[in-house]
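Subject: Handing over a structure, with notes

Dear colleague,

I am passing on the structure below, together with some notes on what was found in it.

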Amino acid sequence: MNILEPSKEKINLLWLTLLMLGNLFSGLAVFFLFSGSGFPDQPNYLALVEGLKSYGEFSSYCNEIGCLPETLRTPGYPLFLFSVLAVFEDIYLVKLIQLLLYFFCLFVASKVILKISSNYLSLYIFLLLTIFNIQIPYYAAVISTEMLSITFVITFFYLYLFFKETYLKYLYTAVLLAGLFYIRPAFILIPVGLLLLSSLKFTKPVFKFNLFQLICFLIFLIPFGLWNLTNHNTFKLTTLEG
């Protein structure tokens with residue numbers, strides 16, 4: 001082989017560098033193009049942050065008389081907003097953090113793809129498609145739960161694929177799934193689905209671990225059920241509406 005001929009590793013590195021740069025530029029372009037845009041859910045989330053900040057209540061409607069406890073939203077994303085705005089007091093900083101989460105998700109998703117496929121072609125296709133997919137970086141530029149939800153989902157798959165089969169691993173994944181629920185309640189059935197899938201396709205130890213994961217997940221939802229009981233006189237692990 002000609003010593004001047006580039007090696008396969010160098011070619012892979014070149015393609016990865018070009019695709020990553022393409023994602024960097026497209027992500028930044030979409031972010032700065034839409035970062036001044038509003039989002040339909042933004043006023044409600046900011047009202048929930050104001051309720052937490054000024055009244056110490058999880059409510060989007062507060063006045064001098066009192067607050068009406070929230071019935072539609074879970075507290076995950078409002079608490080994320082509150083924690084950032086309490087320090088920086090600038091909503092643009094929230095969006096910048098979400099942009100960093102977007103690039104973090106690209107990196108972790110790339111590792112997941114290489115773990116699953118064991119070749120670079122699948123990764124090249126993924127990174128090429130994400131260059132032209134403006135939807136996800138758009139979510140980073142607005143006040144919406146999507147970017148934080150995607151981060152939790154990608155991290156969950158990373159833990160599922162890269163960590164050894166131990167109870168500690170499934171405790172971590174239960175924490176992620178509970179966090180995902182508190183951000184987007186629509187994901188509540190994921191641990192149930194994993195348990196059912198493991199009972200059909202996988203070995204007994206995997207079923208045992210998924211059962212442990214489901215139990216931990218439900219335990220982590222109890223605080224929200226107790227909050228509902230205290231504020232709405234009903235013990236319910238999901239929101240009263242929606």
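Let me begin with Tyr124, which lies in helix H5 (residues 120-132), where helices (H or I, at least four residues) and strands (E, at least two) are DSSP runs, numbered from the N terminus. Before going further, please note that this is a predicted model, in which local features need pLDDT of at least 70 and side-chain atom pairs count only at pLDDT 80 or more, while totals for chains, interfaces and linings use all residues. Residues are numbered from 1 along each chain as its sequence is written, and side-chain values use heavy atoms, with hydrogens and water left out.

Is Tyr124 buried or exposed? Tyr124 has a relative accessible area of 16%, and it is therefore classed as buried, a word that here means under 20% relative accessible area, whereas exposed means over 50% and partly exposed lies in between (1.4 Å probe, protein chains only). If residues up to four places away in sequence are not counted, Tyr124 touches Ile11, Asn12, Trp15, Leu16 and Leu19, where contact means heavy atoms within 4.5 Å.

The chain as a whole

The secondary structure of the chain comes to 10 helices and two strands, and, read along the sequence, these follow the pattern α-α-β-β-α-α-α-α-α-α-α-α. Taken along the principal axes, the C-alpha atoms fill a box of roughly 80 × 50 × 25 Å. Of the 242 residues in the chain, 39% are buried, and among contacts between residues at least 6 apart in sequence, 66% join residues at least 24 apart. For one separation within the chain, consider Glu9 in helix H1 (residues 8-34), which is exposed with a relative accessible area of 58%; Glu9 and Arg184 are 175 residues apart in sequence and 41 Å apart in space, C-alpha to C-alpha.

Two helices that cross

Two packed helices are described by the angle between their axes and the distance between the axes. The axes of helix H2 (residues 42-55) and helix H3 (residues 76-88) come within 9 Å and cross at roughly 65°; such axes are lines fitted to C-alpha atoms, for helices over the stretch in contact, and the angles run from 0 to 180 degrees between N-to-C directions. Which residues make this contact? On the side of H2 they are Tyr45, Leu46, Leu48, Val49, Leu52 and Lys53, and on the side of H3 they are Tyr77, Pro78, Leu79, Leu81, Phe82 and Leu85.

Ser59 is found in the loop between H2 and strand S1 (61-62), and with a relative accessible area of 1% it is buried. The side chain of Ser59 reaches the backbone oxygen of Tyr61 at 3.0 Å. Leaving aside neighbours within four places in sequence, Ser59 is in contact with Ala47, Leu48, Gly51, Cys67, Leu68, Pro69 and Glu70.

One of those partners, Cys67, is joined to Cys62 by a disulfide, with 2.1 Å from S to S, a disulfide being a pair of cysteine sulfur atoms within 2.5 Å. By this rule the count comes to one disulfide, and with 120° about the S-S bond the link of Cys62 and Cys67 is right-handed. Cys67 counts as partly exposed, because its relative accessibility is 24%, whereas Cys105 is buried at 6% and Cys216 is buried at 9%.

Asn210 lies in helix H10 (residues 204-232) and is buried, with a relative accessible area of 0%. What joins the side chains of Asn210 and Tyr160? A polar contact of 2.8 Å does so, that is, a pair of N or O atoms within 3.5 Å, of which, within protein, one must be able to donate a hydrogen and the other to accept it, while residues adjacent in sequence count only if both atoms are side-chain atoms.

Finally, Glu89, in the loop between H3 and helix H4 (91-117), has a phi near 55°, a positive value in a residue other than glycine, and Glu89 is exposed at 62%. Asn233, in the segment after H10, has a phi near 60°, again positive in a residue other than glycine, and Asn233 counts as exposed at 69% relative accessibility.
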